[in-house]
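Subject: Handing over a structure, with notes

Dear colleague,

I am passing a structure on to you, and the sequence and coordinates are placed just below. My notes on what was found follow after them, and I would be glad if you read them with the structure open.

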Amino acid sequence: MVVEAVVESQVLLQLDTITEGLRIAISWPVIGWMAVGLLLGIVLGALPGIGSPVGMAIVLPLTLPLDATAAIILLVAIYSGAMFGGSIAAILINAPGTESAAATTLDGYPMAKQGLAKNALAIATTASALNGFLAAIVLILISPILIGVVLAFGSPEYFLLAILGISLITIVTQGSLVKGLVAGALGLMISTIGTGILSPTPRFTFGQFGLYNGISFVAALIGMFAFAEMMKLAARSQIAESDIELGGSIKDGVMTVFKYPKTVLKAGLIGMGIGMIPGSGATTSTFVAYAEEARSSATDGRFGEGDPRGVIAPEGANNPTVSGSLVPTLSFGIPGSGSTAVLLGGLLMHGLQPGPTLFGDQLQITYAIFVSLFLSNILIVLVGLSVIPYASRLTEIDTNIIIPVVVVLSFIGAYTLNRNWFDVGAVLALGVLGFYMVRYNYSVIAFVLGIVLGPIAEENFFRSLQISGGSYDIFFDPINRPLSFLLVLGILFILVGPFLKPAIERALNRA
Amino acid sequence: MLVVLLVLSAVFLIEPIVSNYPDDARVFPQMTAAVVLVGSLLLLVRNYLPGALGTVVNESINITTSDSSAQEQVAQREAEQTGSAPKRTLGREYGYEVNDTVFMVVSSTIYFFAGWAAGFLFVTPLFVLAYTAWFRIRPLLCVALAVLSTVIVYLFIEFLLLPLDQGQILDFSPFLDPIGLVVGVI
């Protein structure tokens, strides 16, 4: 009886918090910012080369005057809107507005060439919103489990989790493991510029007062995502001109999605599952969903030639990835993609610490974010379907018009942070560094994660050592700190595992 | 790139010793700098590394199993698109070949220093006009963008009270007083 009463009171408490989250999400001006974010996201996503991380990075410093919840909901809405917006350019001009829409070009563009552009856009809108909507519900349902997991973490676990996150990203993003680790460690290293966390020692400031507060991670995000991306965009030739007539039917497109419920659900599950893996964003999930659909429908499919399922699968996977990627971002502070790295920056900038706080005292904010995801997917259907007739105009904007405006906003935004010219200089310097990091295949996300998580990692590292009296054994104690020990094993497995795999396979084959 | 990484990591390793940082301010940056230094050194000599170590440094890791043929198809289409004609620029019209990215970075750097010296409010329209004119955007659109950008900066000054009208060397802010008066009256 006592247990039942406790469970009942817990459920009631959860329902109260969800209701409070709902109240926050639909209150004014929060819902207004959600709509603004969604529209902005759709427009930014539709512009080839811009996409969600760039848009979110530019908007991030502008959210300073906003309330923390409104700011985060605005950023999440941009993220969600851009996921759909990316498909507009992918379908109409065969140039994905965001990387996550790359897989949509495979069948979306051929459909548009066959005179079914409106169908393809309506399929993308409906599949994206429908699964985003379902994923938000799943997110709300699984959050009680997350709360228990998150609250089990202490200082040593948080330090190890930061290292695990960076390690995981180095292997999830393709390329050399050593390059990934170097990028992550470089980010951690740069984060130590400024006054020391535990003792007020100015570090690596070389007498420059402007560096005493360190390099702002928001400036780093703007530099790495917005400025570096503009450098890349400047190098590109003119965007492809649309030779597509906006033919077809929106209604038929919407109905097509409901003809393939299995495809929709499968894509949603893949999107959410992959989104939960730190480091693997929507680019991975959309290609996996596409590949799975092409594999399972190999006998009756015409993939690559305009099969509607080739649009449903990637678009049905991209928005649930947003929900999935919020799990590691909000619970442990490990972002799943560039966009969630910016979102993490937003959380920290507004004083919201991912982890126990967001799943404890501030649980209503977390629920408000989840509810806003739910609502923004309803808005995606309404807004998305109504912009279809005008969608092609977005893709015709010359990138040379966008670049100077983004540069102005990046510089002004960086200056807004602390009224510090070093932050503006950091945008420029880190932008150039980011451009070359991409060119030479260093993981930008690992670097950004290092800068964002650096202070958290350093603080928890020293707190752990203070707890243990200076002994490093606190990280390797399987009896008293099993979670810590498991995380160490996880890091080792991630870093050494891929290289041991061939040897293990050889040994197994011999046996 | 690797040389920059080596120099940076060396500075982060040596500076705490030279400046005698206390332990709690020294250990973490030195640990991370050591990882960057060792990693960069390994990458620098990656072609000469023996056996297993060479494999570890050179091999790409990818644990995600997405459809590589679909990704290749997308990459191929993108490559076809980027192979189109180069942009029209003012420089090319007069026979000067300037890399577009270099132009973007140099003009942004000048914009940054000019903004620092004379205030962003006054240099923003010049930067936007110069940039858009270089890429042969329609003159009317160039002016509209310059005005829009200046209005954005002005709104930051008005609403966030940022001193973007004052440079570190030149201060043109007194010229704004009549405008402020007009805005105030409106």
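The peptide bond between Trp28(A) and Pro29(A) is cis, with an omega of about 10 degrees. Please keep in mind throughout that this is a predicted model, and that the values below are computed from it.

A loop of chain B also deserves a look: Asn20(B) is found between α1 (2-18) and α2 (23-44) of that chain, and although Asn20(B) is not a glycine, its phi is positive, at about 55 degrees.

Turning to how the two chains meet, 86 residues of chain A are in contact with 78 residues of chain B. Together the chains bury about 7,000 Å², and carbon and sulfur atoms account for 76% of that area. Between chain B and chain A the count of salt bridges is zero, while a search of the whole structure, over all chains, finds 14.

The remaining notes concern helix packing within chain A. Helix α8 (residues 217-235) and helix α16 (residues 399-418) of chain A have axes that come within 10 Å and cross at roughly 165 degrees, and α8(A) and α16(A) are therefore roughly antiparallel. Their crossing is left-handed. On the α8(A) side the contact includes Val218(A), Ile222(A), Phe227(A), Met230(A) and Leu233(A), and on the α16(A) side it includes Ile403(A), Val406(A), Val407(A), Phe411(A) and Leu417(A). Taken by class, the residues of the contact of α8(A) with α16(A) are 14 nonpolar, three polar and no charged.

A second pair is formed by helix α4 (residues 68-93) and helix α13 (residues 338-349) of chain A, whose axes come within 10 Å and cross at roughly 175 degrees. With that angle, α4(A) is roughly antiparallel to α13(A). From α4(A) the contact draws on Ile72(A), Leu75(A), Val76(A) and Tyr79(A), and from α13(A) on Ser339(A), Thr340(A), Leu343(A), Gly346(A) and Leu347(A). The contact of α4(A) with α13(A) comprises six nonpolar, three polar and no charged residues.

Helix α13(A) also packs against α18(A), at an angle of about 20 degrees and with the axes 10 Å apart. Why are α13(A) and α18(A) described as roughly parallel to each other? An angle under 35 degrees counts as roughly parallel, and the angle here is about 20 degrees, so α13(A) and α18(A) are roughly parallel. The crossing of α13(A) and α18(A) is left-handed. Here Gly338(A), Ala341(A), Leu344(A) and Leu348(A) of α13(A) meet Ile445(A), Val448(A), Leu449(A), Val452(A), Leu453(A) and Ile456(A) of α18(A). The residues of this contact of α13(A) with α18(A) fall into nine nonpolar, one polar and no charged.

Note on methods
Residues are numbered from 1 along each chain as its sequence is written. Chains are lettered from A and ligands numbered from 1 in the order in which they are written. This is a predicted model: local features need pLDDT of at least 70, side-chain atom pairs count only at pLDDT 80 or more; totals for chains, interfaces and linings use all residues. Side-chain values use heavy atoms; hydrogens and water are left out. Axes are lines fitted to C-alpha atoms, for helices over the stretch in contact, and angles run from 0 to 180 degrees between N-to-C directions. Helices (H or I, at least four residues) and strands (E, at least two) are DSSP runs, numbered from the N terminus. Angles under 35 degrees count as roughly parallel, over 145 as roughly antiparallel, 65 to 115 as roughly perpendicular and the rest as oblique. A crossing is left-handed if the near helix is turned anticlockwise from the far one by less than a right angle, and right-handed if clockwise. Contact means heavy atoms within 4.5 Å. Ala, Val, Leu, Ile, Met, Phe, Trp, Tyr, Cys and Pro count as nonpolar, Asp, Glu, Lys and Arg as charged, and the others, Gly among them, as polar. Buried area is the accessible area (1.4 Å probe) that two parts lose on being put together, summed over both. A salt bridge is a side-chain nitrogen of Lys or Arg within 4 Å of a carboxyl oxygen of Asp or Glu.
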